[in-house]
Each structure stands twice: as structure tokens, then as C-alpha cells.
Amino acid sequence: ALGELDAAGSEPLLIRGEGDAFSAGLHLKELAGLDGPGRERYLELFDRLIVKLIAHPAPTVACVHGHAIAGGAVIALTADLRIMSSKPKVRMGLNEVAIGLAFPPRVLKLARARLGPRNERRVLLEAGLDDPAQALGLGLVDELADEPLVASRSALGGLARHDAEVYAQTKRAFVTDLMVLSQEEIARYREEVLPRWRDPALGAKLLAILGR
């Protein structure tokens with residue numbers, strides 16, 4: 001994914017998944033099989049992906065045509081515009097707290113910026129998986145569509161018609177705060193979040209979740 005983003009340069013991006021899901025999130029089975037340093041490197045790669053998506057200078061639209069869960073929802077939240085399928089069985093949510101995964105600071109910062117104070121506590125602490133109407137009401141997505149791919153391509157085309165340099169300059173003003181982590185945020189990551197991800201017991205816990 002990082003290589004594909006590099007290859008995209010400054011072209012508009014349509015972000016979507018393959019198959020029935022947008023993204024079911026991080027690969028829990030793979031995570032379970034890693035040791036502590038391996039999980040730390042995994043988080044670093046995910047952070048690099050998030051940063052690249054947030055900072056992409058051209059328009060980005062997430063086509064949430066199927067489930068977007070945990071890390072999948074995070075990827076969707078990086079986009080300038082998020083359009084979700086109106087099919088009532090599709091679910092989207094940040095359920096990390098429910099499965100015992102602490103939020104890295106960049107993920108937490110992104111979610112709070114997108115959701116705002118009205119919705120952040122409910123989405124992050126209740127850790128639910130919401131249907132399309134709920135996701136729209138909570139700010140996880142911007143629009144619902146019966147044909148999300150068609151709607152997403154149309155929306156991306158509309159955004160791409162703007163002056164590219166002015167769009168990029170204006171976008172930078174919105175995302176600058178997301179690109180920089182404070183010393184306090186870095187310290188919290190090192191002292192509170194990372195030890196939980198490096199915990200040897202996490203692997204068994206993740207496997208138990210997959211076995212449910």
C-alpha cells in the first residue's frame with residue numbers, strides 16, 4: 001500500500017477495498033503471531049500509511065462499500081470525503097476498546113478530529129459497530145449511497161476539478177495538526193500504549209477473539 005501511494009504521486013485517490021468488505025481492520029492472526037518488537041514495527045508501518053493518506057495533497061475519497069472495522073475505519077477516516085453504502089447490514093466502527101487494543105496517538109488524534117467532541121466519546125468508548133444511518137449521524141461518514149462506487153467516483157471527479165495547488169494548500173491547513181505528535185502524546189504512547197501491544201499475552205487474547 002505504501003508503494004502504491006508513492007506511485008500515485010499527487011493524483012486524486014479513490015480508496016476502496018476488494019471483495020465484500022472495505023476493510024475488516026488489522027490482520028489479527030498475523031498480529032497474534034508476532035513478538036513484541038514485531039508488533040511495534042507493525043504499528044510503525046500502519047502509522048506511516050495513515051500519515052501518507054492524511055497528507056496526500058490531492059483529493060481523497062473513501063468508498064465504504066462494505067464493512068469498515070477498527071483499522072479499516074481508521075483508513076476511511078483519513079479521506080477528505082467518506083461515502084458509505086446504504087445497505088443496512090454494512091457496519092462501520094472503531095471497536096478497539098472492545099477487543100482490548102489501545103489506540104496509538106495518531107489514530108486517536110485522527111478519530112477525534114473527524115468525529116468532534118459531540119461524538120468522539122460514544123464512538124471510541126462504546127466501541128460499537130454502527131449501521132449506515134448511525135455511522136452518518138456519528139460523523140464516521142459524510143454521505144450514504146445506494147451505489148457507493150458510482151457516488152464516490154463522481155465526488156472525486158468533482159473535487160479534482162478544483163485548482164490542484166489551492167486544494168493542496170487548503171488541505172494542509174486542516175491536516176497539519178494531525179501530522180505532528182506532541183512530546184506528551186509520544187510519552188503516552190511509549191509508557192502506556194506500546195507496552196500493551198508488546199505484551200506476550202496479547203497474542204493468545206487475539207486468537208481467542210478470532211475463535212469466537
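Predicted model: local features only at pLDDT ≥ 70, side-chain atom pairs only at ≥ 80, totals over all residues.
Helix 3 spans residues 36-55.

Helix 10 covers residues 164-179. The axes of helix 3 and helix 10 come within 9 Å. They cross at roughly 160 degrees. Angles over 145 degrees count as roughly antiparallel, and helix 3 and helix 10 are therefore roughly antiparallel to each other. Their crossing is left-handed. On the helix 3 side, the contact is made by Val51, Ile54 and Ala55. Helix 10 contributes Lys171, Val175, Leu178 and Met179. By class, 6 residues of this contact are nonpolar and 1 is charged, with no polar residues.

Helix 11 comprises residues 183-198. Its axis and that of helix 3 come within 8 Å. The crossing angle is roughly 120 degrees, and the crossing is right-handed. Here helix 3 supplies Gly36, Pro37, Arg39, Glu40 and Leu43. These residues meet Tyr189, Arg190, Leu194, Trp197 and Arg198 of helix 11. The contact of helix 3 with helix 11 holds 5 nonpolar, 1 polar and 4 charged residues.

Helix 6 runs over residues 105-115. Helix 3 and helix 6 pack at an angle of about 35 degrees. Their axes are 10 Å apart. Phe46, Asp47, Ile50, Val51 and Ile54 form the helix 3 side of the contact. Arg106, Val107 and Leu110 form the helix 6 side. The residues divide into 6 nonpolar and 2 charged, with no polar ones. Val51 and Ile54 of helix 3 take part in the contact with helix 6 and also in the contact with helix 10.

The lining of the second largest pocket has 16 nonpolar residues. The others are 3 polar and 1 charged.

Note on methods: Residues numbered from 1 in each chain as written. Heavy atoms only, no water. Helix = DSSP H or I, 4+ residues; strand = E, 2+ residues; numbered from the N terminus. Nonpolar A, V, L, I, M, F, W, Y, C, P; charged D, E, K, R; others polar. Axes fitted to C-alpha atoms, helices over the stretch in contact; angles between N-to-C directions. Parallel < 35°, antiparallel > 145°, perpendicular 65-115°, else oblique. Left-handed = near helix turned anticlockwise from the far one by under 90°. Contact = heavy atoms within 4.5 Å.
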